[in-house]
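Please consider the sequence and structure shown here.

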Amino acid sequence: MVTSLSTITIASQEDVAAHGPKWDSRRTASLSVGRAFTRRGGGAAERAGLAFYQALIDTLLEHHIEPVLTLYHWDLPQALQDEYGGWEDRRIIADFENYCVTLFRRFAG
């Protein structure tokens, strides 16, 4: 049974190994658009970034910690800010949708 949901910053799998036993059974992990995609949210998926998150999720699960993923945590890539002016331009919606759909397909279940 889950007693609480805690937010943390996880820099690496080593963080999970070192601190995991002290954590509750659920943790939020914020995913970064910049790590998951090249150039901008609408660009190609970055294999190394997605592999990093997959390994991190696997490590959390190995330590019996259920990851709760946050898809946006105030880290809009500078390229999107420069191209669109950030969230004020509706063109950014398609890029963000591509990012979300890619991550849901990769990490669902």
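## Overall architecture

This is a predicted model. The protein contains five helices and three strands, and its elements follow the order β-α-β-α-α-β-α-α from the N terminus on.

Of its 109 residues, 35% count as buried. The accessible surface of the protein comes to about 6,800 Å², and carbon and sulfur atoms account for 53% of that surface. Among contacts with a separation of 6 or more, 60% are between residues 24 or more positions apart.

In soluble globular proteins, nonpolar side chains tend to be buried together. The largest nonpolar core here has twelve residues: Leu31, Val33, Ala36, Phe37, Leu50, Tyr53, Ile57, Leu71, Tyr99, Cys100, Leu103 and Phe107. At least two residues of this core come from each of α2 (33-36), α3 (47-62) and α5 (92-107). The largest share, four residues, is supplied by α5.

Ala36 is one of the core residues. Leaving aside residues up to four places away in sequence, Ala36 touches Ala44, Ala45, Glu46, Leu50, Tyr99 and Leu103.

## Packing of α3 and α5

The axes of α3 and α5 lie 11 Å apart, and the two helices pack at an angle of about 45 degrees. Because of this angle, α3 is oblique to α5. Their crossing is right-handed.

On the α3 side, the contact is made by Leu50, Ala51, Tyr53, Gln54 and Ile57. On the α5 side, Thr102, Leu103, Arg106 and Phe107 take part. Leu50, Tyr53, Ile57, Leu103 and Phe107 also belong to the largest nonpolar core.

Notes:
Residues are numbered from 1 along each chain as its sequence is written. This is a predicted model: local features need pLDDT of at least 70, side-chain atom pairs count only at pLDDT 80 or more; totals for chains, interfaces and linings use all residues. Side-chain values use heavy atoms; hydrogens and water are left out. Buried means under 20% relative accessible area, exposed over 50%, partly exposed in between (1.4 Å probe, protein chains only). Contact means heavy atoms within 4.5 Å. Accessible areas come from the Shrake-Rupley method with a 1.4 Å probe; for residues, only the protein chains shown count as cover. A nonpolar core is a set of buried Ala, Val, Leu, Ile, Met, Phe, Trp, Tyr and Cys residues joined through side-chain atoms within 4.5 Å. Axes are lines fitted to C-alpha atoms, for helices over the stretch in contact, and angles run from 0 to 180 degrees between N-to-C directions. Angles under 35 degrees count as roughly parallel, over 145 as roughly antiparallel, 65 to 115 as roughly perpendicular and the rest as oblique. A crossing is left-handed if the near helix is turned anticlockwise from the far one by less than a right angle, and right-handed if clockwise.
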